[in-house]
Amino acid sequence: MKRTALFVLILALLFCGCSPAGEKAEFWAMDTLCSVTVYGSDCSAAQRIAEDSARRAESLLGEEHGYLFFAGEDGQTLTLSDDAVRAVSLSLKISEWTGGAFDITVAPLSALWNIQEAVCPPSGDEIGEARSLTGYQGITLDGNRLTFSRAGMGIDLGAVGKGFAAASAYDALCLSGVKNAVLNFGGNVTVIGDKNGKGYQVGIRNPAGGIAGVVSVSDASVVTSGGYERYFEYEGRRYHHILDPRTGYPAESDLLSATVVSSDHILADILSTAFFVCGSEESRQLYERYFASDPSMIGAVLLSADGEVTVLGNVDFRPIDSSYSLS
Ligand code: ADP
Ligand code: MG
């Protein structure tokens, strides 16, 4: 009896030791503020690991040139790292499934719009010319060799970068023994563990300010794409950084933001961008067709401009802001 009591006490102490308030470290990577919060592990070691993963993603995915890659000297081919091959092949699959709403060959359009620095939109002719150099059907991936069908084509890994960094940080932190942690790579939130069975509560921003609602997650990424953070305004109109390659202009769906929750961290990043471009109805259909039976997929939360919230899959979403109602 005594022994049992002692055992329970030790367990309780261990349990408490594993769930202090959490220690947080911040760093700047991938052109955004990143953080790692760990519970019951060495925070500076975790920061080193998370930061290393982000730096590796930066260099592999070409942060120094805005995640854009254009063909090499011969004008037609690129040699990719093994990691980039993984990101590109998943991207190509999603391009096919979304009929090109998500398309990493958007690069010539991204370079033309250059949303970070632009003060006015490009001309229709310029957009037409850049569009003629896009289209995922124009690239072939053979091992590590990516071939473009036309000179001037390129790939843009901007929609994949943070998910890619999160996936490698997740693996490396788990390998180092971290059991409970939250990574925040510029709004891409990845959680390790289940916070002693409670699940982590991750807020989804209301694009108009504040928090729209909360999802409860364990061992997964919560990634949101929206047009409300990176944009410029010209003559009263807002031009944001997520483009619809089918029109050449910033995507104009009914959505203000699309959040995807998945234990496949790269897929969550890709799909949040894809759903934002596709809008609520097309996303719902895509979800049913391709993702409902994917074991890594937990679900999605789509916030539309008219205040409707579409919840797909089994995501545990709790609305907070009364201006949104579940559809
Ligand atoms: P953020 O990086 O701001 O979190 P996203 O993950 O949604 O947002 O990625 C947006 C980036 O993806 C853009 O800055 C651009 O580099 C790239 N991109 C824009 N439109 C598309 C698209 N339709 N398909 C694939 N990539 C895109
Ligand atoms: Mg993305």
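## A quick tour of the magnesium site and its surroundings

D269 and T273 sit together in helix α7 (residues 265–278), four residues apart, or about one turn of the helix. Keep in mind that this is a predicted model. Those two residues supply the protein donors of the magnesium ion (ligand 2). Below is a look at that site, then at H240 and a couple of cysteines.

**The magnesium site**
- D269 takes part through O and also through OD, while T273 takes part through OG1.
- These donors lie 2.3 to 2.4 Å from the magnesium ion.
- What are D269 and T273, buried or exposed? Both of them are buried.

- You'll find H240 in strand β14, which covers residues 237–240.
- H240 counts as buried because its relative accessibility is 9%, and the cut-off for buried is under 20%.
- A polar atom of the H240 side chain lies 3.2 Å from the backbone nitrogen of I242.
- The H240 side chain also reaches the backbone oxygen of A251, this time at 3.0 Å.
- Leaving aside residues up to four places away in sequence, H240 touches I115, G227, R230, Y231, P250, A251 and F276.

**Cysteines**
- How many disulfides does the structure hold? The count is zero.
- C120 is partly exposed, with a relative accessible area of 38%.
- C278, on the other hand, counts as buried at 10% relative accessibility.

Terms used. Residues numbered from 1 in each chain as written. Chains lettered and ligands numbered in written order. Predicted model: local features only at pLDDT ≥ 70, side-chain atom pairs only at ≥ 80, totals over all residues. Heavy atoms only, no water. Donors = N, O, S within 2.8 Å, 3.2 Å for Na, K, Ca; no water. Helix = DSSP H or I, 4+ residues; strand = E, 2+ residues; numbered from the N terminus. Buried < 20%, exposed > 50% of the residue type's maximum accessible area, 1.4 Å probe, protein only. Disulfide = S-S within 2.5 Å. Polar contact = N/O pair within 3.5 Å; in protein donor to acceptor, adjacent residues only side chain to side chain. Contact = heavy atoms within 4.5 Å.
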